[in-house]
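Hi,

Here is the model I promised to pass on. Have a look first, and my notes follow below.

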Amino acid sequence: MRKPLMAGNWKMNKTIAESADLAKALKSAVSDVSAVEILICPTFTSLAAVNAEIKGTNIKLGAQNLFWENKGAFTGEISPTMLKDAGCSFVLIGHSERRQYFGETDESVNKKTKAAFAAELIPVVCVGETLEEREKNITFKVIEKQVRNGLKDLHGDCAKIVVIAYEPVWAIGTGKTASPDQAQEVHAFIRKIYDDMYKGAGEQIRILYGGSVKPDNVSTLMQQPDIDGGLVGGASLDADSFTKLAKFAK
Ligand code: PEP
């Protein structure tokens, strides 16, 4: 049985004080939620303050990126052990904005995924096609390549606890959501590919949907058999809307 995961990606938003306020509002609003795992991913600068608010609650802390080395001359980067030290238990890897603006590739995604596991962080690895790729009918080819290359060579239990987020790029921050059927079709495909890579693990891993998830569409998305939760941008920046998402009725 896969426990649903609702993850908020705050992106490059909120000061330290604003982040702490949002975490504080959330922790009381979702304190009664036990059927859904809740994750919030603030900016690096807000991690410590948010951790201080949510430590010991049912909200987990995640970062939005990491570098694969643990220390050294890598100006501007943050290491997996630093994230662990800051209280993180999850980290987003290969978000489409990082692929689009910061040159993230399947190769860097794979290095980061392994580095996350080495520091006992659970990676949430993002995949998804662009509008152009969907219109050219190469969605499945693109997704297969991202999954096979980004998630290769995982060992032992790592292959069973990784989280994948399917985020069609055309649906992120645009207000356009993939229809539940469109999303389900790709989620089922990802599970099949992953099971081919790691026998038996396909049924165990959680696959989140991301792309304009809102309180009014979460329920129909979550009714799909292969959608195990959401990776949410805009609607995670407000305590009321993210609480509604965390309390969706499956
Ligand atoms: C995201 O940040 O991963 C995302 C899906 O954003 P939004 O919910 O705003 O579309």
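The chain carries 31 positive and 31 negative charges, and their mean positions lie 2 Å apart. Lys and Arg count as positive and Asp and Glu as negative, leaving out His and the chain ends; each charge is placed at NZ of Lys, CZ of Arg, CG of Asp or CD of Glu.

Please keep in mind that this is a predicted model: local features need pLDDT of at least 70, side-chain atom pairs count only at pLDDT 80 or more, and totals for chains, interfaces and linings use all residues. Residues are numbered from 1 along each chain as its sequence is written, and side-chain values use heavy atoms, without hydrogens and water.

On the overall fold, the chain has 11 helices and eight strands (DSSP runs, H or I of at least four residues and E of at least two, numbered from the N terminus). Its C-alpha trace spans about 45 × 45 × 35 Å along the principal axes. Of the 250 residues, 53% are buried (under 20% relative accessible area, 1.4 Å probe, protein chains only).

I also looked at helix α5, residues 106–118. After α5 comes E120, with a positive phi near 60°.

Best wishes

Note on methods. Buried < 20%, exposed > 50% of the residue type's maximum accessible area, 1.4 Å probe, protein only.
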